[in-house]
Every structure is written in C-alpha cells, then in structure tokens.
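Please keep the sequence and the structure at hand while reading.

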Amino acid sequence: MRRTTLQQLLPGRDGRRRVVTLVAALVLAFAGMLGLTVGTSAVAASADYTQSVSQPSGTQVLISFKPTTAAAYVDVHYLVNSANQQNLRMANSAGVWTQTVSGLATGNALTYWFTYEKSGAQYDTPQFAYTVTTGGGTGGTTGGGGTGAAATPTFSPAGGTFSSAQTVTISDATAGATIRYTTNGTTPTASSTQYTGPITVSSTATVSAIAIASGLTNSAVASATYTISTGTGACTGQSDIPNFGPNVHIYDPSMSAATIQAQLDSHFNLLKDTATAQFSENRVADLFKPGTYNVNDNVGYYTSVAGLGQNPDDVTINGNITVDAFNASDAGNATQNFWRSAENLAINPVGGDDRWAVAQAAPLRRIDVHGSLDLEPASYGWASGGYVADTKVSGRMESSSQQQWYTRDSSLGSWDGGVWNMVFSGVTGAPANTFPAPPETVLATTPVSRDVPYLYLDSTGKYRVFLPSLRTNASGPSWAAGSTPGTSQPMSQFYVVKAGDTAATINNALAQGCNLFVTPGVYHLNQTLNVTRANTVVLGIGYPTFVPDNGVNAMQVADVDGVRLKGLLFDAGTTNSAALLTVGPSGSSAAHAANPTTIQDVFFRIGGQVAGKATASLIVNSSNAIIDHIWAWRADHGNAGTVGWTTNTADNGVIVNGNNVEATGLFVEHYQKYEVTWNGQGGKTIFFQNEMPYDVPNQAAWIGPSGTNGYAAYKVGSGVTSHEAWGLGSYCYFNVNPAVNAYHSFEVPNNAGVKFHDLLSVSLGNQGSITHVINDTGALTPTDSTPSNVVSYP
C-alpha cells in the first residue's frame, strides 16, 4: 500500500482552510491506494423454476430455464473450466429461456447459474455444473447430486438437542428439485407439504424430506430430530454484580492515576499497530466508574472506552481520549482506523482539543467534549469517514480531510470543514444546508431515533442497563435536559457471555428469557443464535465477534417488538452463510412503529481475518426497524490469502424488505452485486458511504441483470413507490482493471415518491469510471478524483 504525508503542505492550524481543496484533491487521488475501506438479488427457491442441459453436439451445450412464474428476463452466467465468465440475456420461446454455448470440447467443465425476474423482484439461483461428454446427447446437471436419482436433502442446522426454537433450512443439490417434507416423523411423499423457505421448529419434532426432480427417481428420505428444551422461560441465577471476564477492565476513581494509565497504555500497545493488530483476535473494554480521572487514553483496535455513569458528565476525563494515525508506518493515514469506540463520558481535553481521527466502525456516542473535537489526524493527512451521535461539543468540531461524516442528534459550538459530503440530522449548531459548495447536507431533525442501550452503576453499586426511549423528530443530545429519558433493567436479567460460551449456552440463555451482555472475545457458532422474545437486548462491548462455522447463519431475530442489538461484529466463516444477521423471517408483516427493533453499531466483515464468505450480510424483513450506524465490509485488504474476487465472496451487503425502515449512518463497501437493495415501502436513509468492489477482474465478470455495466451501489426495488434518502456517496477504485466501468451508482424507479437529495459519485485516482450518478442522471466521474454531484432526483 502506498502511503503519503501532507505535513509539508500544512504548516499549522491557521493554514487549514487555505489548503483544504488541495488536501481534498490529494486524498481523492490516493485514497484507494491507502487501503481505504470504503435492488439486490434474493436467493431463489427451488420451486421457482426448472432448468436442464442438453448437448446437441460434442461441441455445443444448450442451457434451458423455465420459471414457474412468467419472467420479464432471465440471464445466464457461465464459466468454462472456471474461467472467462460470460453473462448473457437468454432467449425466450413460449416461457422457456435458452442459451447455446459453443466451442466446447469433451471433458470441459461448465459452471452456470441464473438471475431471473419474478413479480418485480430479482432472484439468483445456486450454481450448477455440467461436464461435456463425447458425441453429445442429453445430459444431466447435478450441482453436486447424481444423475439417476435426486440428491438426498440436507438440513441446517443438523438435528440435535436445542434450548430454543430452531429455524431449519432444507436444501438439495439437484438442480430444479422440489422438496417435500413432514414434521411428524411420517415418510414424505409427492403430496406432502412443499418446502418454500426456512421452517420454524419450536417444539420437539422429527423433520423428514425427499427431493423430486423431473427425469430422476425420488431421493432417499432424509430425517432429522430436533429436541427443543426451552426451560422455564424466566431468566434466573444471574448476578447484579457479575463477573465480566478477563477482557473487561473496570476503573475506580480511588485508584492511582499511574496505575490506570499503565493499564490503558498496555492495552493500547497491544492493539495500536495497523499491520499486526488490525486483524488480531484481541478484544478489550475499559470502563470507568463515576468520578474524575487524570489520564490520557489512546484507543487502539477492538477497544471500547465507556463511562459507567447514567449520564455523560458522571465520568470526567481530565485528559484526552485519542485516535490518531499512531504508527510510523501509517504516515498520516487514518483510513484504516476501524473497530474502536468511546461512549458515555465527559472530556476536558489537554490544550482544549480532543482528536478522534477514525474511519469506519468507530462511533463516538454520548460524549460531552468541554472544548473542540478534531476528526483528522495530527498531520491533517488522510481520513475516511465516521459517525458521532448524542454528543455535545462546546467548541469547534472540525472534519478537515474526512471524506464523508455523519453527525446525529448532537450539539456543536461550531463546525468547520468538508471534503465530499458532511451530513447532519438533528444537530444544533450545524452549518447551513449548502451542498455541494460547501458540501453540507443538513436535516433539522432526525425522523425517528433511539439512543443505544448502555451499562451503568446505580447508587447502590449494582450494574444496570439503561434503555433510552424512542424519539421522533429529535434535535440535540437525548441528555440535554439532564438525563436521557427511558427505563433500565438489572444485570440479573442479563446472561454475561464470555470466554468458553458456545452457541448452545447462548441459545439456552435466550430460551430462558435472558438478555445478553456480550463481553470482548471471538465466539465461534455451530448453530444459529435465535432471538425470539420481544424486547430482548443483545449488548456487546469491546467488539465481541460472532463467527458462523459450517455455513450457518450467525443470528436470526423474530418479527417481534423492541429487540435491541448493539456493539457486535459478525465475521463470516470460511463456509458460505446465506446471511450473517436476519431481522424478521421472510414475509414479516407486523407493524412495530411504537417499539421498533434497533440495529446499532453492528458491523459485518467478509474476509480480512479469514477467507470468509456470505451471500448477504444483513437482511431486514421486519417493518419499522432502525438501522443506526452499521458498516458492512467485504474486505479489500487483510491477512494473506483472505481477499480476492473468488476468495472472500459476498453478493449483497444490506437487503431491506420491511416497510418504513430507517437507516441513519449506512456504510456498505466492496460487495460483488447490489450493495444495498431496498424493497420495502416508506424507507428512509440519512447518510450512505460506499466503495464499489476494487477487485473486479474484467467487465464481463461484472454485468448487471439488465445488461448494464456493473451493479449499482444502492438499488431501490422497481415496485417501490415511497422512499427518501439524503447525503449519499459512492466511489469506484477498480485498481485490478481500471478499464472497468459502472453505469451508475444509484438505481431507483422513476416516480415522484422516490426522492434522493445530495448524492455523488467519485473515481478515486481515475481507477475506473462511473457513467452516471443516479439512473441516467449525473455526469461521468471526472478524472481528477473530484465528485460528480446531483443535488436532487427526480
């Protein structure tokens, strides 16, 4: 990675405004080289279609696809001997879509899959395989199954004893097979219930299934028994003064400042180095009991710093809470300062300025800064984008080289700076709305918001979790009047997840009615975590990381009121998961406006640590959910062997199917198809930051379903009639092949109810291009790494 310093260009604070344009231009030109992280297709159901392959000759293969529901289009994607992917619109004849592949030879391995339209939505099938035979004839495609009989179905998770209801997925390797199943232990037949999607097993049952495919004999019967032991349904046996495990460090004002400082320095030295700590498994939380502390805390990777008061000024740091480009190897580059947080305390910064120079997944929440806040590194060099909420800065908040930034429900003495798009909602002291010159996008209020749940100590010395109330049309910090409105729960209602806990023990706690307090650590899951109870709180500190093994989905939330997820990192495992987090099952229809589910400071990583794979990171099916600060990241860099176009594969970052869902702070980067797809009605997004995938090998490998170059970063479904978004940016940096082009960054239906405000596209360092910003509107990205802007659409 190339690193450059701008120190010689920036002699001091008084010179910053004069050089901001130069800083911006250089940031844009080199950002992609600095390791900047920066309408989707649903998964097809087997009952949606049949497909087959015939071989008219020894050099030709005819691929056929027949959708159950008439399709507006069907595209086939294929590779011969795992190379030279082709993406073609198939020819339709009386509802059967075909494509001939020529120039083949005996033994050639053909891998292929389909993208098709159904009722306005778009779906992708699994991959299938066919080997060319001598002389031609009719062949079978198996995708891993046999040719005489349909493959035997498989279950995920496998049968066993569970402490909570299980969401069971049945799959089959035979192309186009229909699955029939029973749940009472009887043998399934062709007239048994047809499998169309995951089924919920809430009490002990035996699930049996067969696969039926045209031209093949029925599969063998597969069976799995699920023993569900849900316990009493009440959370018992937990302490109000729990053991938080070895990675949570709690400080008392009676401790000497030297002792506390030594511990903080030890944590920082362990986790500061970009080259070695960025993908480590070390995790730390530093928590301060109410009082005053004379310390300076430099915050490294996977570190959470928080006060244990009920309100920010209950804990005061006479010193600095700092993130900077700490290492000599960074050379002023803060674009990889991920995965760290500070929350719920007051800062009296030394010299009057605190510094929080971060990139993605590094929130600053519930902070009272008695002075100014600088968001750039000390060298004013490189910064990528970040998030502040529920915070008061009495002095100046300055972005300097930050490319994009989002500030929500806060109070500022003043604001200074802006490169591409600085976004504010519900912020007193915010600048005027002047996009694109200066590039400020300002909403007077946030339509719906709710501050995060947080740990605190009550007056008796017991631990509780505070649950802030829902706010509508909010402005300013929730604690501006003295205390955040809301309720609290004792820690006796929380199971403390720490080293040694498995998916089974966590699910058992959930089944008993416990909330979860997840301490710093890495937790491998061999079964899905099922959150089924309304108002469940899953609160993490110190970046606890859930890794799904064996292709399971990491967590699934039922379509219930008021679930709160906060402070979690989902890291894809090496076997592909269909989704890392799903909120509400497919088809969820209940309204939750009075008490929505909130997804806050929840982050997703595909690759980097390991060669992870997941088709989608976050799927939101529940209505009225609030997505408040997420970063879904298909890694563009990481440990050796963990990153590459065919290595850390991931189609989609976020898919929203629920109605009236709101996203405040949406960071989604590098996915291989639509990065955000919004199919629900009434959606709202305030702030979106995106980078398209760096590593597209060639244009043929990246063609959208309508035949356009590439996939839009943000797609609103064709059937949506109500959607609104503010302050969005999408960048390309096709450094593997700069000839690659994306037709547009944003793809939306053309109707008056779908409105976009203050959006832009950028080509970083002229590595590739984006033809339009939104649909056919907006100019081609300039070659000098400056944005192509659109103020409003339509």
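## Enclosed space

A cavity, as the word is used here, is a set of points on a 1 Å grid over the protein atoms alone where a 1.4 Å probe fits but cannot get out, and a volume is the space filled by probe spheres set on those points. In this predicted model, the second largest cavity holds about 30 Å³ of space, and the residues that line this cavity are L510, C514, N530, V531, T532, R533 and T536. Sorted by class, that lining consists of 3 nonpolar, 3 polar and 1 charged residues.

The largest cavity has a volume of about 230 Å³. Its lining is made up of 23 residues, and S304, E343, G540, I541 and K566 are the ones that lie nearest the centre. Strands β24 (303-307), β27 (340-348), β37 (454-457), β45 (537-540), β48 (564-571) and β50 (598-606) each contribute at least two residues to the lining of the largest cavity, with β24 giving the most, namely 4 residues. By class, the lining of the largest cavity comprises 13 nonpolar, 7 polar and 3 charged residues.

## Helix α4 and its surroundings

Helix α4 spans residues 503-511, and its buried residues are A503, I506, N507, A509, L510 and A511. An α-helix has 3.6 residues a turn, so residues three or four places apart point the same way. The buried residues of α4 pack against six named strands: β14 (166-171), β41 (494-497), β42 (515-518), β43 (522-525), β44 (529-531) and β46 (545-548). One of the buried residues of the helix, L510, also lines the second largest cavity.

After α4 comes G513, whose phi is positive, near 95°.

## The disulfide

A search of the whole structure finds 1 disulfide, which joins C235 to C514 with an S to S distance of 2.0 Å. The torsion about the S-S bond of C235 and C514 is about 90°, and the disulfide is therefore right-handed. Because C235 lies in the loop between β19 (222-228) and β20 (248-251), while C514 lies in the loop between α4 and β42, the pair ties together parts that are 279 residues apart in sequence.

Both cysteines fall under the 20% relative accessible area that marks a residue as buried: C235 has a relative accessible area of 8%, and C514 has 1%. C514 is also among the residues that line the second largest cavity. Another cysteine, C732, is likewise buried, with a relative accessible area of 1%.

## Salt bridges

Side chains of opposite charge can pair when their charged atoms come close. The count in this model comes to 21 salt bridges. One of them is formed by D48 and K118, whose closest N and O atoms are 2.8 Å apart; D48 lies in the loop between β1 (42-43) and β2 (49-57) and K118 in strand β8 (residues 109-118), so the pair ties together parts that are 70 residues apart in sequence.

The side chains of D409 and R408 meet in a salt bridge at 2.7 Å, N to O, and here D409 counts as buried at 1% relative accessibility, as does R408 at 2%.

## A proline in a loop

P290 is placed in the loop between β21 (284-288) and β22 (291-293), and at 36% relative accessibility P290 counts as partly exposed. Leaving aside residues up to four places away in sequence, P290 touches P253, L308, G309, D314, V315 and L457. For V315, which is 25 residues from P290 along the chain, the C-alpha atoms of the two residues are separated by 4.7 Å.

How values were computed:
Residues numbered from 1 in each chain as written. Predicted model: local features only at pLDDT ≥ 70, side-chain atom pairs only at ≥ 80, totals over all residues. Heavy atoms only, no water. Buried < 20%, exposed > 50% of the residue type's maximum accessible area, 1.4 Å probe, protein only. Contact = heavy atoms within 4.5 Å. Salt bridge = Lys/Arg side-chain N within 4 Å of Asp/Glu carboxyl O. Disulfide = S-S within 2.5 Å. 1 Å grid on protein atoms, 1.4 Å probe; cavity = no way out; pocket = protein on both sides within 12 Å on 5 of 7 lines; lining within 4 Å. Nonpolar A, V, L, I, M, F, W, Y, C, P; charged D, E, K, R; others polar.
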